[in-house]
Amino acid sequence: MKVTERLKKVAKDTLVKSALELLEKNPEKNIDKLFDLVKKTVYKDKENLERIQQVEKYYNENPATHDFIINMLKTTDKKCMNKFFENFLSNAIWYGMPKRQKFLDEKGIKIPLVILISPSMRCNLNCTGCYAANYSKEDDIPYEEVDRIIKEARQLGIYYFIVLGGEPFFNNHMLKIYEKYSDCIFTPFTNGTLFNEELANKVKQLGNVVPMFSLEGFEEDTDTRRGKGVFKKVTHSMELLKKRGILFGVSTAVSRKNIDRVVSDKFVDMLIEKGAKMSWYFIFMPVGKEQDVDLMLTPEQRINLGKRVRQIRNSKPYFMIDFFNDAPYVGGCIAGKFYCHINSHEDVEPCVFAHFSVDNLKNKNLIDVFKSDFFKELRRRQPYNQNLLMPCMMIDNTNVIREVVKKTGAKPTDEGARMMIENKEFQKSIDKVAEEFKPLADKAWKEDFGCKGNYKMSKG
């Protein structure tokens, strides 16, 4: 390790130790001191300082934000809280950022903040419209390959991994990965049915695993798609984790059918009561084998989802992310910029909704994949639209994915993606979705955002 790198690590470790000491003594009393400590550490970094000051402002001026942070500090297991602070806030955000930035400054290679990886597509459920039942153990990424990928990612400054599937806890060897890379944070998106006392204890012991439970809504919505009894199993799993002080959240696919229920006060209050700390909303996308455009949100529903999420964030002690409507805060589309997806065949895709690839990690290093013209072309074109409420190359700016695929030679990695670029009838239906959304998006962009977004982050 070079001298400068060693000094940065010493500074990071000193900050983390001091911060954790403050939080352990009296989190509510010492949180102002924590903000001061962090600001002193990053005072030369203008952008990070502004972000920290914004969080501090929300904490001091917004009762919901204040209550959320205090609740998280008071109810979270000590080791889980320490790992979140060390691995995510310190390693992934602070310590990893200059390592990633160096590649961009010196070599023009953009290293993402987070990697999404699907080690296995196998699952214990057979949900309506899902493809997981078609996969076997032979389709998994071998343990040795997952180990290599995580190791190479850490060397590039990536400490945050979202684990998809299939069902992430179906593969026991992933627990070995979480344990081996104890300085990283892992977020498995799970159906929540495999948790028992033993698994809950293991996750608490690890400390660096923050599960996201998939819920389609209440019992009827969830069980209709996922199977009878699944909702009760998931909520029981949430109770197991809450009892142990383990950080966890909820992931919800929002469709035309369930939107009213999943943004209701009743649903959100239930999640808070069960111990969840955050929700990620993903609008239903016609990818994979689910090419049903009629399940997508109407333009009015999509705009109202964003308004509702912002309202909840400002009124309840709960954190929410709307994957699409929050795009103005991060410069539009984040695919191939702040994250990428490695599927179970080891194809590297820019997004979990954009199943196209030019590179496969078998017999190839991760750094070489990030050099690809595919990712560079996507970044060069961003933002795809000056209206950041229309960030997506798949459903908002449909010409982008077709043009980029043609220019770079990217190949579809599943049949749904192939339809996106080859099936004229399907293309017409997606183009119509984009055309119908544009007038309402333009109106909301002007009225709700004043035509202003974080363009500084548009290129990553």
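**Ground rules.** I worked on a predicted model, where local features need pLDDT of at least 70 and side-chain atom pairs count only at pLDDT 80 or more, while totals for chains, interfaces and linings use all residues. I numbered residues from 1 along each chain as its sequence is written, and side-chain values use heavy atoms, with hydrogens and water left out.

**Entry 1: the count.** I searched the whole structure for salt bridges (a side-chain nitrogen of Lys or Arg within 4 Å of a carboxyl oxygen of Asp or Glu), and the search found 31. Side chains of opposite charge can pair when their charged atoms come close.

**Entry 2: R122 and D140.** I found this pair with its closest N and O atoms 2.7 Å apart. I then checked burial (buried is under 20% relative accessible area, exposed over 50%, partly exposed in between, with a 1.4 Å probe and protein chains only). R122 is buried at 15%, and D140 is buried at 12%.

**Entry 3: E216 and R225.** Here the salt bridge spans 3.5 Å from N to O. E216 is buried at 8%, whereas R225 is partly exposed at 25%.

**Entry 4: D396 and R302.** I saw that these two form a salt bridge, with the closest N and O atoms 2.9 Å apart. D396 lies in the loop between α15 (373-381) and α16 (398-408) and R302 in helix α13 (residues 299-313), so the bridge ties together parts 94 residues apart in sequence. I took helices as DSSP runs (H or I, at least four residues), numbered from the N terminus. D396 is buried at 8%, and R302 is buried at 5%.

How values were computed. Helix = DSSP H or I, 4+ residues; strand = E, 2+ residues; numbered from the N terminus.
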